[in-house]
Amino acid sequence: MGKIIAVASQKGGVGKTTTAINLSACLAVKGKKVLVIDSDPQASLSFGLGIRRNGEKIKGLYEYYTERAELEEVLIECIDNLFVIPTRIDLFMAELEVFETEEREKKLRVLLEPCREIFDYIFIDCPPSFSFLTLCALVAADSVIIPVQCEQFALEALRIFIKLLWRIKGNFNESLELEGILLTMFSKHITLSRTTAEDIRKVFRTKTFETVIPRNIALAESSIHGIPAIFYAPEAAGTIAYKELALEFLKSNP
Ligand SMILES: Nc1ncnc2c1ncn2[C@@H]1O[C@H](COP(=O)(O)OP(=O)(O)O)[C@@H](O)[C@H]1O
Ligand SMILES: [Mg+2]
């Protein structure tokens, strides 16, 4: 049975999409069968995995959510073992259309049931907000990875998000777990980066990944080129960190 993991935070620019892409790619390279779902209408994950429209209209998460396409029609294999359900800006419309249906918050959970038979891990890249799409992802998920950029107010924002998670667990999805808090864009020479990381570890010691993702331009460049960092810059510090994260993830999710 495949596990569904949401990569989520109400904050933008903290490394959710970069984590979804690179953790998925590193697990795929290790031979796991992985699906990653772009559930942010901004479509950064789709672009970061090299999915460009090329004039033709590709079907994606909007069509799947609204039952205009079957699973096989929306899956794209990016690299060996790594599949994506891409998205476009029209995913906003799914929010409106699905919102009017019964058991709306369970929609994605139900749609992803068949994927559990096919994939070892299914990652959902969430938008940077407490939106309906985030709710659907958290209702579908077994666990959540929360990327945290080591900056001012990170701990406060994290506390708010975790409160929301427990609410969703209490009301909609009792099996939801915190997979881990991931410190991202860490700069060891910046005091604020170090103190924020220490503060978060103090409060969430057992729930913070050992692996820390450093600030590393190769990660940003690889997304621009639409290639996971493990292929674009295999020796870069950021790539090595995501490979370590994959190993750490596999230890608790063999
Ligand atoms: N560790 C990192 N080092 C340098 N740049 C990064 C790193 N992680 C992400 N970025 C860049 O920062 C920006 C925001 O990251 P992204 O993953 O899109 O965040 P989110 O999905 O949370 O909004 C992107 O331009 C991305 O390429
Ligand atoms: Mg994103």
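Q: How many bridges join strand E1 to strand E6?
A: This is a predicted model. Strand E1 covers residues 3-7 and strand E6 covers residues 143-149, and the two run parallel. In this pair, Ala6 stands opposite Val144 in E6. The number of bridges joining E1 to E6 is three.

Q: Which strands stand at the edges of the open sheet of eight strands?
A: The pairing is mixed, and the strand order is E3-E4-E2-E5-E1-E6-E7-E8. A strand with a single partner has one side left without a neighbour in the sheet, so the edges are E3 (76-79) and E8 (208-214).

Q: At about what angle does helix H1 run to E5?
A: H1 takes in residues 16-29 and lies across several strands, including E1, E2 (34-38) and E4 (82-85). Strand E5 (121-125) is also one of those it lies across, and H1 runs to E5 at about 165 degrees.

Q: Are H1 and H12 roughly parallel or roughly perpendicular to each other?
A: H12 spans residues 237-252, and its axis lies 9 Å from that of H1. The packing angle is about 70 degrees. Angles of 65 to 115 degrees count as roughly perpendicular, therefore H1 and H12 are roughly perpendicular.

Q: How many nonpolar residues has the contact of H1 with H12?
A: From H1, Asn22, Leu23, Cys26 and Leu27 take part, meeting Tyr242, Lys243, Leu245, Ala246 and Phe249 in H12. By class, one residue is polar and one is charged, while the nonpolar residues number seven.

Key:
Residues numbered from 1 in each chain as written. Chains lettered and ligands numbered in written order. Predicted model: local features only at pLDDT ≥ 70, side-chain atom pairs only at ≥ 80, totals over all residues. Pairing = 2+ DSSP bridges. Helix = DSSP H or I, 4+ residues; strand = E, 2+ residues; numbered from the N terminus. Contact = placed C-beta atoms within 7 Å. Axes fitted to C-alpha atoms, helices over the stretch in contact; angles between N-to-C directions. Parallel < 35°, antiparallel > 145°, perpendicular 65-115°, else oblique. Nonpolar A, V, L, I, M, F, W, Y, C, P; charged D, E, K, R; others polar.
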